[in-house]
Amino acid sequence: MTAQATAEETGAPTMAVGGRRRNLFLVANNLEEMGGLQRVAHNLAATFAAAGHNVELIGIMPHPSALSYAPGDTYRTTVLYGQPAPPAWRPRTLRDRLNLRSRRRERHRRRLRRAAVDRLSERFRSVPDGIVICTQAFAMDWVHEADTSHLRVITQSHESYEASRGLTPASRGSARYTRMRRTYRDVDLFLLLTQHDADMFEREGFNNVGVLHNPLTMYPDRRSDLSAKTVINVGRYHEQKNQRALIDAFALVWRRHPDWRLQLVGEGPLQSALREQVDALGLGAAVSVGGPTTEVQARLLASSIFAMSSDFEGLPLVLAEAMACGVPCVSFDCAPGIREIIADGADGLVVPPRDTAALAGAICRLIEDADLRQRMGAAARRNIRRFAPVEILRQWHEVFDLVER
Amino acid sequence: MTDRTAPTGGRPAPDRVPDVTVIVIAYNDAANLPTAVESVLTQTLHNLEVLIIDDASTDSTPQVADGLAASRDRVRAVHLPVNSGGCSRPRNVGLDRARAPHVMFLDSDDTFERHACKNLLVAAERTGADVVSGLCHRVNLTTGASRPWWGVLYRQRAVYEGIEAFPDQLYDTTSTNKLYRRDFLDDNGLRFPEGYHYEDLLFTTEVYCTARRIAVIPNLVYRWNFVDRADEPSISNRRAEITNFRDRLAIHRKIDAYLEARGLEQLEIVKDRKFIRHDLRLYLNDLAKRDPDYQREFLDMARDYLRTVDPRALQISGTVERIGAFMILQGDLTETLKVVDYLQRKGTLSTDLYREGGRVYWTRKYLDTPDGRSVLDITALGLQHLPLDRLVLYNRGTQWDVRGSTLALGGVITVPLNRLTAADRLDLWLVFRNRKSGRQHTVPVTQWQLDGARLRWSTAADVDRTVIVTTTRQPIWDVSVRVTRGAESVSAPVNVLTLGVDGARLVVHPRRSVLLGNRLECHTTGIGNLALRLVNTSRAGVGAARALRRLRRTRAVVLAAQIRTRLRGKETKTKFYRLAGRLPVRKGTVVFESHLGKQYSDSPKYIYQAMVAAGGGYRAVWSYTGNPAAWPTEAVLVRRESWRYYYELARAEFWVDNQGFPRQFRKRAGTTYLQTWHGTPLKTMGFDEPGLAALPPAQQREHAAMIERWDALVVPSDYFIDTFVRAYRYSGPLLRVGYPRNDPLVTGNDPGTVKELRERLHLPDNRKIVLYAPTFRDTQHHIRARFQLRLDLQALAEALGEEYYFLIRTHYLDRVSIPATHRPLAANLSKHHDVTELMLASDVLITDYSSILFDYANLRRPMIFFTYDYEDYLRTRGTYFDLASTVPGPQVATTAEVIDCLRNLDDIQIRFRERYEQFHARFCQYDTGTASTTIVRQYLPGPRA
């Protein structure tokens, strides 16, 4: 005990960047998957490393897709499994139960799992103290079983409360909430993206909730001049994002402003369906349903309005990114997270969910009133600084201080 | 989970000042002390210290405490030289030795919630409060049940600038669920009073009154454990000893003196009110079980104390509570106990109510004393108007005998206000009701005699023949006498408090198996009523039952059960349905279902009635769930999801329902499906609602297939076509005839029908009837809470008691309960099948976003919209039109406004007349009172020979 305390004390004064130098473990389901969360995890790891912390990013399993984010060399990365583990065995019938091959496979799976937990404990034991930040509920299963007795544990949920409870269509039947009840309630701190989500979890008996936003990944030096006659949306082509409504809304806009264009950026299963819709509406020349791009920032800087028509969201960072580029946003009021980003009427416009006509009306308002557009664009860029990495990092340091008390 | 307290992680250096000192007091509690200390050491706040104060224990507590202090570096132990006999001295010693700027208290038999210290500390630092209080749970260690203690004070975060800002906080008098600034306690000399029990009451009162700022957090922080029927209850729970009550009064006197010295008169009233409603009630509830010496002494002490209480505290307590205080002040034990009967036993009327000059009094006694006439006047409670079946009669058991399997019982029922008379044709039954299944077994009472206000009865019953034992899960039967007069009936549980029946056994031979048990044992329930419990006295029987239980868990038996379930499952039945579908259609058979078989109600009911009225030829089949008693016996009744149900649907010529037959029923060619949908939509639905629109395509197709089965849809208005029909993408024929369920609202809207209906529903005929029908709150459903009744019944009772009567009707997925003491004011008719009848019987409707408003408009009676969560609700669910500018009545958000509206109904009708007409024209467009007859005549082909 004393030896370790001394080691820590000797380490403390030399590292002055953003407080004391800390040993930080970030744990995610995997490190490769194309998706917001993995990008967030890599970003966070890089941010912490830049602030002088000793950072290790751990993925539970490798993911078949190619790594789409180049990990920096400022932090260590570890993957616990050599290859994706087989799914758990859930025998249904008598025949399932008698299947010896499945039984053997299940034994093997359990062995792998134990080995993974041991590997995790071993990584944790490589430091005398520190903080584990588990970014996903699935990954928490392993952290929960590993030895964290000398560490503090922070868990995150990037999903809204409703999605965690399986109340949204996309999340129906998900085991996430059962998991969270088991593994999230006793950790030092459980961080959510919005105050609404934190309140809801608190009502369910989670007494360790806190709120912390994800940092912006961009804050360009210049802002869009808002002269291009382009409305933009960035997001996966998925039911949840409901770009269909946006195309419908733009059809209404286009009747009044045929010189304006709508640009959709993304990829996903609905791409061809959206193209068909565009053609059916005769908007072929006005709406582009484009593929994914690495140039999101450039596209945002070349746009004048960002429009979002999702059915559900957590805390959609893409809105914040648009605002960082000085582009005012128009969105359905589809989640509490929307109003935590957009101040309706001040730096963007929020309309009732699924009200296509209102969405079109709000877009037209920004098109027709160039002055308003400029004012809101400037305000957006100013207000969104609260999501800037340096501000979020400061909040993380407060969180670290809190869990270490 | 791994142990987070292992010393390896001990970040706080030994010389670092801790954030919180937790003072753990222990006296002869070596068994529990380590658990309590552990709950502190495993806190997510690590920088704290534990100070164990051992109150000179005589068991191994000192050694355990020292052991903890030696092995854990955040623990210190202090031993008092002599036992102090209470909690005050050890806590004060702890306060003197605490090092941290904040202190908390923990008793050795309780525990902290894991995040308690951190949550309280963070709140203290953020708010700068002198004291922060969190939620405490009472945990029954025997059953594991856990209940919030004064949970109503801890619904949300709050900061009060002094106790005057929120005097109700005084109700929470425990000192242990709080975190105190040590400076604040020291500077103000706040310490526990030594030499007194219930020290918490005085200490917390002083803390509340001294604190400049008080913070409250909704998080659970403290688990206050107790054990049922422990041999040695903890100090504060030994209510059976009279000194215990004396101690409590002593501390209340000290509190009074303190508040008086500080001139805090208003707080004193709040405190006294709490004393009457809470402290006194704790003792009164058990008073009937105590011996006469205790009762006498208790009453004397209580009377002496109540004399010192501010009369205003009595004024603000409830009507019957006030009578209780009055009787104590009179020193009348018998009358006091009658008040307890009413308050504790769900409104049991053991008192002799007295009527004089149109007023109803609690009793005739004391009417000529100074305050008597006003205190005892309970006309406002409305007991005199309450239908017989909602009264709880007092039934004092007077004799009993147990011989073999024969139970002989006798008793006296108190009849209030001559509600039963010798001229009535009465029948009496002895009822054995299974507590779990609700199944009742009855035998006639052979001898009885009504003599003024006393109904004397006695009978003997062979329980082996009467009580049918089929289960071992909850083998308890409550015994009561039911008195019936025509269609009315009233139950009176047999009170055996003074008879000493416990332990007597009746011989029984259960039909299922003698292994279940062989005796029914009498016992007295907590509130003094007779109940029988199945027990097994033969050793062979006990052994065999155990073996049977073990056998049931073996794999073969479990597997066999699985196969059985599978064979009876949905898939097998669906195959059977397809097979049966090859048989010819039975012409003239109509299958009816309402709300998935949950009710006999709505449009299917009225179509059915019209069909019956039109004459024979049809064969009507009704689907039901639960108890089929509410369905018409003339129809063929089939339980939903039974084999018969599948068979009837497979062969019927018509299906009529209002929601949707299960999806596995693909409709055959010869069947016609008439959909009567259960209401005009207000909230967005179908493909207009994100829930459905965002489903994966496969599920959307499945949904569309269910709708494609409809051959015709009943339509009440063009608005319905614009919204519902479009949103569900239904394209079949529309029957523009109006809702069959609204026919009676159009045709039966006359005083005669209404009066008749009220009589049938046992509703008072001389009061205005208010129907409160709130809609389903889906956000509440998600957190699995009961429906929270947001109308303040107490306020309504006080303002409108004698003029109004409330029918509460919740959505069939919500539940609500009404306290027994408010029964004269309100009835919960959520289980009544047909809401149409309730509408017709009412004078005014209070609702929010329920589609009932469209139907009610047919009556042209006033509506009030109690939309307390308007903003929230609209944000989660979109609506098809702007509520505020369309609804034909005032929108209000508080009970006070509701009261105001109810008092000015005429005004409302004038103010909203224009809008009401527009509303009616738009939404009740086709409701002309002839929907069901039109449908039967034109749509269902006429009866065949």
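Which residue is the bridge partner of B:Leu674 in strand 31 of chain B? In this predicted model, the bridge partner of B:Leu674 in strand 31 of chain B is B:Ala712, and the legends below begin with the strands around this pair.

**View 1. Strands 29, 30 and 31 of chain B pair in parallel.** Strand 29 (residues 652-657) of chain B pairs with strand 30 (residues 672-675) of chain B in the parallel sense, and four bridges hold this pairing. Within it, B:Phe654 stands opposite B:Thr672 of strand 30 of chain B. Strand 30 of chain B is also joined by two bridges to strand 31 (residues 712-714) of chain B, and these two strands run parallel.

**View 2. An open sheet of six strands in chain B has parallel pairing.** The order of the strands across this sheet of chain B is 35-34-33-36-37-38. Strand 35 (826-828) and strand 38 (891-892) of chain B are the edge strands, each of which pairs on one side only. Strand 38 of chain B runs parallel to strand 37 (residues 863-866) of chain B and is joined to that strand by two bridges, and B:Phe866 has B:Val892 of strand 38 as its bridge partner.

**View 3. An open sheet of six strands in chain A also has parallel pairing.** Here the strands of chain A follow the order 10-9-8-11-12-13. Strand 10 (287-290) and strand 13 (348-351) of chain A stand at the edges with a single partner strand each, so one side of each has no neighbour in the sheet. Averaged over the sheet, and with direction ignored, neighbouring strands are turned by 20 degrees against each other. Strand 12 (residues 329-332) of chain A pairs with strand 13 of chain A in the parallel sense over four bridges, and A:Cys329 has A:Gly348 of strand 13 as its bridge partner. Helix 9 (residues 243-256) of chain A lies across strand 8 (230-234), strand 9 (261-265), strand 10 and strand 11 of chain A, and runs at about 175 degrees to strand 8 of chain A.

**View 4. Helix 11 of chain B packs with helix 12 of chain B.** Helix 11 (residues 319-330) and helix 12 (residues 333-344) of chain B pack at an angle of about 160 degrees, and their axes are 8 Å apart. The two helices of chain B are therefore roughly antiparallel to each other, and their crossing is left-handed. Helix 11 of chain B contributes B:Val320, B:Ile323, B:Gly324, B:Met327 and B:Ile328 to the contact, while helix 12 of chain B contributes B:Glu335, B:Thr336, B:Val339, B:Tyr342 and B:Leu343. Of these contact residues, seven are nonpolar, two are polar and one is charged.

**View 5. Helix 9 of chain B crosses helix 11 of chain B.** The axes of helix 9 (residues 292-308) of chain B and helix 11 of chain B come within 8 Å and cross at roughly 110 degrees, which makes the two helices roughly perpendicular. In this contact, B:Leu299, B:Ala302, B:Arg303, B:Leu306 and B:Arg307 of helix 9 of chain B meet B:Ala325, B:Ile328 and B:Leu329 of helix 11 of chain B. Six of the contact residues are nonpolar, none is polar and two are charged.

View 6. The mean pLDDT of chain A is 84, with 91% of its residues at 70 or more.

Conventions
Residues are numbered from 1 along each chain as its sequence is written. Chains are lettered from A and ligands numbered from 1 in the order in which they are written. This is a predicted model: local features need pLDDT of at least 70, side-chain atom pairs count only at pLDDT 80 or more; totals for chains, interfaces and linings use all residues. Axes are lines fitted to C-alpha atoms, for helices over the stretch in contact, and angles run from 0 to 180 degrees between N-to-C directions. Angles under 35 degrees count as roughly parallel, over 145 as roughly antiparallel, 65 to 115 as roughly perpendicular and the rest as oblique. A crossing is left-handed if the near helix is turned anticlockwise from the far one by less than a right angle, and right-handed if clockwise. Two residues are in contact if their C-beta atoms, placed from the backbone, lie within 7 Å. Ala, Val, Leu, Ile, Met, Phe, Trp, Tyr, Cys and Pro count as nonpolar, Asp, Glu, Lys and Arg as charged, and the others, Gly among them, as polar. pLDDT is the predictor's confidence in each residue, from 0 to 100. Two strands pair if DSSP finds at least two bridges between them.
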